[in-house]
Amino acid sequence: MNIKITGTGSYIPNVITKNADFHQHEFKNLDGTEFPHSNEETIQKFKDITGIAERRYLDDTLNASDIAFLAAQKAIEASNVDIETLDYIIVATNYGDVKKGSIQSDTVPSMATRVKYRLRIKNPGCVCYDVLFGCPGWIEGMIQAQAFIKCGMAKKCLVIGSESLSRVVDKHDRDCMIFSDGAGAAILEASEDGGGILAHESATYSYNEANYIYFGKSNDQESDPNVRYIKMNGRKIYEFALINVPKAMKSCLEKSGKSIKDLKKVFIHQANEKMDEAILKRFYKLFGEKAPDGVMPMTIQELGNSSVATVPTLLDLVINKQIDNQELQKGDIILLASVGAGMNINAIVYEY
């Protein structure tokens, strides 16, 4: 028995916000002091580092659970699965539903339960829960679903990553330009066909790293101190990721029994273009190799960082040939990897 992805889907929001749309923002340092550079300089430096030129935001009528449902519908259609035979619905998220203009996260009922309700699934044996694992949440959900199938607890699982980070960013923090919204989903099933998940790796580093990403007050000292926003120590995250992510990817690949030369694609969480390129370079260097051209598809330039949604969205777009010069063939060996709040790291080696 193998455990395979039989269908994928994604939802990319319609609202496009370009870097120029931030020219009027009043960016401040963490202590509330003014930036020494103009917005134009700040935004250009941001673009040079992250690669982000634009990002996608939800329109005012949608929430994260809505787009999780929309991505799920596409994955279900692609897999042709009978929804009443789903054993688990697992939704990776960080903030649940945050309605436009609200300062409160809504996580009851769970996002997964809301998706099941929208799908109109009657079977009470379809169990629903959410995963809080930072940006690597969708991959972790896939690892959990694989475990359920492997031990006989399930045959078919729906795993979704959905987030609306635009609702929890501090407009006075330049990091607000990184984050975006989106959703991606996959059906994971037991299969008699070859391939599927070959190996996985997962870890939490918290001894010194737990608060690299956190919820904190606005950089604007006049703002309500009781309202919290997503915050991060970008330099610490960058240094942490460059050391630890390549090692986790290497360990995962070695567990799979595959060679670095077998890898056709590497799907890394779309966090920062320069960081992802450095991770890829270091990963290949661990094997004494140079990364091949085109091995790492990228969407961050247009879609930004949608946290748990980046990897499943990227995978769905490549599978459906929606990214120029990127496609998968049956039998291709691919690696999925992510890093985020926790600090958490994980990876999967998969035969397509």
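In the predicted model, N325 is exposed, with a relative accessible area of 77%. This residue lies in the loop between α8 (310-319) and β12. The phi of N325 is positive, near 65°, although the residue is one other than glycine. Most residues other than glycine have a negative phi, and most peptide bonds are trans.

A positive phi also occurs at R120, which is not a glycine and has a value of about 60°. R120 follows helix α3 and is found in the loop between α3 and β5. With a relative accessible area of 55%, R120 counts as exposed, because the cut-off for that class is over 50%.

Helix α3 itself spans residues 111-119, and its buried residues are M111, A112, R114, V115, K116 and L119. An α-helix has 3.6 residues a turn, so residues three or four places apart point the same way. The elements that cover the buried residues of α3 include the helix α2 (64-79) and the strands β4 (88-92), β5 (127-131) and β6 (156-164).

Two cis peptide bonds may also be described. One joins V108 and P109, with omega at about 0°; P109 belongs to the loop between β4 and α3. Another cis bond runs from G342 to M343, where omega is near -10°. M343 is placed in the loop between β12 (333-340) and β13 (344-351).

Key:
Residues are numbered from 1 along each chain as its sequence is written. This is a predicted model: local features need pLDDT of at least 70, side-chain atom pairs count only at pLDDT 80 or more; totals for chains, interfaces and linings use all residues. Side-chain values use heavy atoms; hydrogens and water are left out. Buried means under 20% relative accessible area, exposed over 50%, partly exposed in between (1.4 Å probe, protein chains only). Helices (H or I, at least four residues) and strands (E, at least two) are DSSP runs, numbered from the N terminus. Contact means heavy atoms within 4.5 Å.
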